[in-house]
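Please examine the sequence and the structure below before reading the report.

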Amino acid sequence: MRLFVSWLAVLLAFNSQLAVSDDAPSWTGRPLAEYLDAMEAAGLRVIYSSDLVSADQKVLEEPDPSDLRGSLAELLKRYGLKVIDGPSESLLVVRDAPSADKSPRARTPVTVPLPEIIVTSSLHRIQYAESGSHTYLDRELATRIPAAAEEAVRLTNRLPGTASGGLSSRNHIRGGEVNEVLFLFDGLRLYEPYHLKDFQSVASIVNASAISGVEFYTGGYPARFGDRMSGVMSLEMREPAKRVETELALSFYNASALSLGRFGAGEQGDWLIAARRGNLDLIVDVIDPDYGSPDYQDLLLHVGWEFGPRAKVSANLLASHDKISLADNDVGEQANANYDNRVLWLKWLADWSDVLRSETILSLNDIRDQRSGRIDLPGIVSGSLDDLRDFKAIEIQQDWSYSPSDQWMLNVGFRARHQDAEYRFSSNKSVSAPFDEILDNEPVTMRSAVLLPEGAQYAAYSELRWQPSEKIVVDLGVRWDQQTYTSSDDDRQYGPRASILFQSGERTEIRIGMGQFYQAQEINELQVSDGINTFFPAQRAKHIVANLKHRLRSGVDLDVSLYRKAFRSLRPRFENAFNSLTLVPELQFDRVMIDAGRAESKGIEVTASSGSAEDDLFWWVSYVWSEVEDTTADGKMKRSWDQTHAGKLGVSWRWRDWDISAAGEVHTGWPRTLIDTDINALRYSVFHTLDARISRDFELRRGSLTAFFEITNLYNRDNACCTEYTLQQQGDGDEMLVGRERHWLPVVPSLGVVWRF
């Protein structure tokens, strides 16, 4: 009875808010998004995307409080939108068929509820919204959570199951290597998606302001995603919400410009231009001009056109350039590099009918990397290297989706790419006694390679999604991959996958996923700098994931995941046992090969969260227990990124024009190796850090301005990452080997502004 009275009071308050009377303000002319939020506050769950319901869309006529759904349908109809039934008794705002509205903003596909349901466990859309709703509001989240270098992909480091030292934009997903993540932008795979890729990969080559959202899979993903065995990072290109939008941004890290909009008499066309320059070289010039100059830029161009109501074609170009010159005189290292990465793609979206659609992408990749370096650490090691790599690929991919009813959907697709690469590598390394007798060292190592591999990769997949009842959705899939440039007998792989979603109640969802995931060695991934000139067979990992989502009556969302990954057929990897923060890792005396044919990763993740990026207050906290071990001929050993216990938390509070947020983490110290110990037999001290951000919005005559101040590692915690060895001369003339800890980022402030008009 008490619950009924509370519910009735909320309903009456909501109706009084919507009602048109002398005492209540009218909704006419107010933002449509505010009206949708008011409905959600009253208990009617309306799920929408900020890219569909934009800030310039208004309530054009007063809604009828006695018919909320009918009024909502009429309001959305004016903008080519409609509502459909979604998961857990929610309403989804989707694009309507062209017959519903002839406005140029209306688009064709008639969306049915089934494709909107996320069956796969371990999917994170970059947000902290209500569990099971999968609301897509993440671009705003990227402006509210601390993220060094204004990198949207760094937000994935805030999620449970990821491990990163805080310097790199890449992360380890549930125990996997950083190269086990499939990186997609606008549906297209990017092969080398990071700036400064051999120097900690501090930023992605995709400007964060050009991203509308990120889908991040940490396991058990569908069959359409392949050839990487730990995770998927899928970035969607931003679409214009009005005729012309422009953003100019400047911070300690970057200077960028973005402009996008629509053109044509009926606004059938759209365009986007985004350019960015990294400012790290300017910062280094001020702080330590002797260290060097890390310089990078990127450019994104897009133009699209809708040919009638059922087809859209777009042309796109993504280009990046890095020029790096660095020196660490304390350890005698120098490195220079030039990276050029150009990707051109054409994309064709076709809605053949209300139930059948296709997506076709034709792409060209041209990547050229040139690197040189030397080391001179007296009494320990000296050497030099020259590394030139050239990679080209032409690819066609096509995906078909058939959704004849609310009960089932079929997805099929294929990939075909031809690739060729060129490697020209030479190096020499001399290791002094007694260091030439530790790890994998030899007194002198000379390497030289000129290789011209060429071949093709093919893939095909099929997925069937079936909803036998209101509470159960089943997703079954299979994937086939083949490589022709390898001499391995195992150049064909078959990966079955299955997921099931069970909605046990209005506030509870259970997901179970399993499957086999393969990862072939790409033609541009030969380990020539470590002396390997042949391709290895495809690696594989078996995923088993169980996930429980439950919303408490208080509105707090609980998310519990259990997972196990069994890695097999692993190819050797190379690491620096003592110090990973080095400019030329292949020349260091601590370079070691980890030859583990098998590995296992397992863990449990618990997350509690409340609110989303559109709320004035939202927060999250998570705890993870995990373990990842390699099995070598000498037994089991921890991987270098193993962290047994890890906790992450964050909060963001918006008050008027101010936004204040903080995010931090604490975890077991990283595994540690010393000269007289086995690899990863010890631990560094506990890792913990806290980042903070404060911003304020200003309304201008033309547009708005956001000024922000962000601090990474707020209290300047010295988080150990590595041990650096040098020889120091004693008073008696003898030399003694001295090791000292090196640390991840110290306190790093950043100040910036963003002008939107």
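## Basis of the model

This is a predicted model, in which local features need pLDDT of at least 70, side-chain atom pairs count only at pLDDT 80 or more, and totals for chains, interfaces and linings use all residues. Residues are numbered from 1 along each chain as its sequence is written, and side-chain values use heavy atoms, without hydrogens and water.

## Helix 3

Helix 3 spans residues 68-77; helices (H or I, at least four residues) and strands (E, at least two) are DSSP runs numbered from the N terminus. Its residues L68, S71, L72, L75 and L76 are buried, where buried means under 20% relative accessible area, exposed over 50% and partly exposed in between (1.4 Å probe, protein chains only). Viewed down the helix axis, these buried residues fall within an arc of 130°, so they line one face of helix 3; the arc is taken from the directions from the axis to the C-beta atoms.

## Salt bridges

The structure holds 56 salt bridges, each a side-chain nitrogen of Lys or Arg within 4 Å of a carboxyl oxygen of Asp or Glu. One of them joins R224 and E463 (3.3 Å, N to O). R224 lies in the loop between strands 11 and 12 and E463 in strand 23, so the pair ties together parts 239 residues apart in sequence. R224 is partly exposed, at 27% relative accessible area, while E463 is buried, at 3%.

## The arginine R479

R479 belongs to strand 24 and is buried, at 6%. The side chain of R479 reaches the backbone oxygen of R224 at 3.3 Å.

Notes: Polar contact = N/O pair within 3.5 Å; in protein donor to acceptor, adjacent residues only side chain to side chain.
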